Amino acid sequence: MREVESGQRVRELWDALRVGGHTVESSTFNGRLTSFSDGTLMGIRKTARTTPGEPTLEIWPGDGGKVVKVHVAKEAP
């Protein structure tokens, strides 16, 4: 899991990383998905359980590697 400082940063990463991908329709993912020629799938959700109201980026590598999640860092208590 990776953390960034803001929801805006998550959206900037989505915009930068989805270049070269193709939009995928899904009835099971609550957000937008992009697929790449190597089989990698990337999705962005508007909100996350760990950081309600903030977007989360998820990347499923085409080689079956570990899923990478990027979300907004929680504020320190």
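## Elements

Strands here are DSSP runs of E with at least two residues, and helices are runs of H or I with at least four; both are numbered from the N terminus. On that basis, Asp 38 falls in the loop between β3 and β4. The model is predicted.

The protein has 1 helix and 6 strands. Read from the N terminus, the order is β-α-β-β-β-β-β. Strand β2 covers 22-24 and β3 covers 32-35. Strand β4 takes in 41-45, β5 runs over residues 56-60, and β6 spans 68-72.

## Overall shape and surface

How does the radius of gyration fit a compact globule? For 77 residues the rule gives a value near 11 Å, and the protein has 12 Å, so the two agree. The C-alpha trace spans about 40 × 25 × 20 Å along its principal axes.

Of the 77 residues, 31% are buried. Take the contacts with a separation of 6 or more: 32% of them join residues 24 or more positions apart. The charges number 11 positive and 10 negative, and their mean positions lie 4 Å apart.

## The aromatic pair

A search of the whole structure turns up 1 aromatic pair. Its members are Phe 29 and Trp 60. The ring centres are 5.7 Å apart and the planes stand at 85 degrees. Planes over 60 degrees apart count as edge-to-face, so this pair is edge-to-face.

What does the pair tie together? Phe 29 sits in the loop between β2 and β3, while Trp 60 belongs to strand β5, so the pair links parts that are 31 residues apart in sequence. The two residues fall into separate burial classes. The cut-off for buried is under 20% relative accessible area. Phe 29, at 14%, is therefore buried. Trp 60, at 26%, is partly exposed.

Thr 34 is part of strand β3. Is this residue buried or exposed? Its relative accessible area is 3%, so Thr 34 is buried.

Which residues does Thr 34 touch, beyond those up to four places away in sequence? Trp 14, Arg 18, Gly 21, His 22, Val 24, Thr 40, Leu 41 and Met 42 make up the list. Among these partners, His 22 and Val 24 fall within the range of β2, and Leu 41 and Met 42 within that of β4.

## Two loop positions

Ser 26 lies in the loop between β2 and β3. At 31% relative accessibility, Ser 26 is partly exposed. Val 68 is 42 residues from Ser 26 in sequence, and their C-alpha atoms are 19 Å apart.

From Asp 38 to Ile 59 the chain separation is 21 residues, with 13 Å between the C-alpha atoms.

Where does Thr 50 lie? It is in the loop between β4 and β5. With 39% relative accessible area, Thr 50 is partly exposed. Its contacts, leaving out residues up to four places away in sequence, are His 71 and Lys 74. His 71 falls within the range of β6. Lys 74 is 24 residues from Thr 50 in sequence, and their C-alpha atoms are 8.1 Å apart.

Lys 74 itself is in the segment after β6. At 55% relative accessibility, Lys 74 is exposed. Besides neighbours within four places in sequence, Lys 74 contacts Glu 3, Thr 50 and Thr 51. Ser 26 is 48 residues from Lys 74 in sequence, with 29 Å between the C-alpha atoms.

Terms used: Residues numbered from 1 in each chain as written. Predicted model: local features only at pLDDT ≥ 70, side-chain atom pairs only at ≥ 80, totals over all residues. Heavy atoms only, no water. Rg over C-alpha atoms; globule rule 2.2 N^0.38 Å. Buried < 20%, exposed > 50% of the residue type's maximum accessible area, 1.4 Å probe, protein only. Contact = heavy atoms within 4.5 Å. Lys, Arg positive; Asp, Glu negative; His and termini not counted. Charge placed at Lys NZ, Arg CZ, Asp CG, Glu CD. Phe/Tyr/Trp six-rings, centres within 6.5 Å; stacked < 30°, edge-to-face > 60°.
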